[in-house]
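Hi,

Here is the structure I promised to pass on. Have a look at it first, and then read on for what turned up.

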Amino acid sequence: MATFLFDDIIFGPVKSRRLGVSLGINLLPTDVKVCSFDCIYCECGFTPKKYSNKVVLPSSAEVNRRLEQKLQEMAADGLSPDVITFAGNGEPTLHPEFSGIIDETIALRNRLAPLARIAVLSNATMLHKPKVFKALMQVDDNIQKLDSAFEQTIRTIDCPSGDFNIQKVVDQLTAFQGKVTIQTLFLKGTFKGKKVNNTTIEEVDAWLKLVKHIGPEMVMIYTIARDTPVDTLEKVEADELDAIAQRVESSGLKVQVSY
């Protein structure tokens, strides 16, 4: 299936299924994906195993300049985003200046769009870095991925690079003490001839147990809505997502469902 890359540092504003009118910030290159995951459902396609050219990330000064310009343009038109979202072509917390960029973005938001939230969409692989953790504690919507409670399922769906330990990730998510949103994509299908399904009773039971332990302020559940790099994946039907959402609500947690 066709996938795409965001072709600018600042993109949008766009209507987000989960966040409202979102002005996006891409801290990764505009011509290649850079990520610590290689999710089989990623709209940006697969993560390259090797890079033919040196990867160049935008500087904090460039991000700040471009964001200020865009917010000023929107204000002149009488517009303001609901949320300023760090997303883009991979994992934003991989940027070496991530914490400083968050500080600068908060200052710009306070000055030019005081009603806007700041959100980060992350895969939770950089939470062991103190500066990243501290920066995420400062944003309004700290949204972290947890697609399964089973490490093997995560390795099949999310394909993490390097060392990955689900217990360490859960411990780091729990350390937010509730100032975190857990985001989970549910899907079915096959990949490389193997069945993929994180909606089974076993999967959901184990996942919900971990989510309750983490104690997030919200749980976001959703399914495939855009093209993916694998054409053997299936969207989960609305009634199944609703059933999972009801279980989350019954456990005392807030939940948001996107179909």
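**Pockets, salt bridges and a helix pair**

Let me start with the lining of the largest pocket: its residues split into 17 nonpolar, twelve polar and nine charged. Before you go further, keep in mind that this is a predicted model.

So what else is there to say about that pocket? Its volume comes to about 830 Å³. In total 38 residues line the largest pocket, and if you want to find its centre, look for Arg-18, Glu-43, Ala-87, Leu-121 and Arg-226, which lie nearest to it. Several strands take part in the lining: β1 (10-16), β2 (20-26), β3 (83-87), β4 (117-122), β6 (181-191) and β8 (218-223) each give at least two residues. Of the lining, β1 has the largest share, with four residues.

The second largest pocket has a volume of about 330 Å³. It is lined by 15 residues, and Gln-152, Thr-156, Ile-157, Phe-191 and Val-196 are the closest to its centre. Both α4 (151-157) and β7 (194-197) supply at least two residues of this lining. Sorted by class, the lining of the second largest pocket has five nonpolar, four polar and six charged residues.

Now for the charged pairs. How many salt bridges does a search of the whole structure find? The count is twelve, and I'll walk you through three of them.

One joins the side chains of Asp-8 and Arg-66, at 2.4 Å from N to O. This pair links distant parts of the chain, since Asp-8 sits in the segment before β1 and Arg-66 in helix α1 (residues 60-76), 58 residues apart. Are the two partners buried or exposed? Asp-8 counts as partly exposed because its relative accessibility is 26%. Arg-66 has 19% relative accessibility, so it counts as buried; the cut-off for buried is under 20%.

Another salt bridge is found between the side chains of Arg-65 and Glu-62, with 3.1 Å from N to O. These two are three residues apart in helix α1, so about one helical turn separates Arg-65 from Glu-62. Arg-65 is partly exposed at 44% relative accessibility, and Glu-62 is also classed as partly exposed, at 25%. When you look at this part of the model, take the two pairs together: Asp-8, Glu-62, Arg-65 and Arg-66 are linked in a network of salt bridges.

Asp-205 is partly exposed, with a relative accessible area of 35%. Arg-247 counts as partly exposed too, at 34% relative accessibility.

Last, a helix pair. The axes of helix α5 (residues 166-174) and helix α6 (residues 201-214) come within 8 Å of each other and cross at roughly 35°. Which residues meet there? From α5 they are Ile-166, Val-170, Leu-173 and Thr-174, and from α6 they are Leu-210, His-213 and Ile-214. By class, five residues in the contact of α5 with α6 are nonpolar and two are polar, with no charged ones.

Best wishes

Notes
Residues numbered from 1 in each chain as written. Predicted model: local features only at pLDDT ≥ 70, side-chain atom pairs only at ≥ 80, totals over all residues. Heavy atoms only, no water. Axes fitted to C-alpha atoms, helices over the stretch in contact; angles between N-to-C directions. Contact = heavy atoms within 4.5 Å. Nonpolar A, V, L, I, M, F, W, Y, C, P; charged D, E, K, R; others polar. 1 Å grid on protein atoms, 1.4 Å probe; cavity = no way out; pocket = protein on both sides within 12 Å on 5 of 7 lines; lining within 4 Å. Points joined across faces, edges and corners; volume = space filled by probe spheres on them. Salt bridge = Lys/Arg side-chain N within 4 Å of Asp/Glu carboxyl O. Buried < 20%, exposed > 50% of the residue type's maximum accessible area, 1.4 Å probe, protein only.
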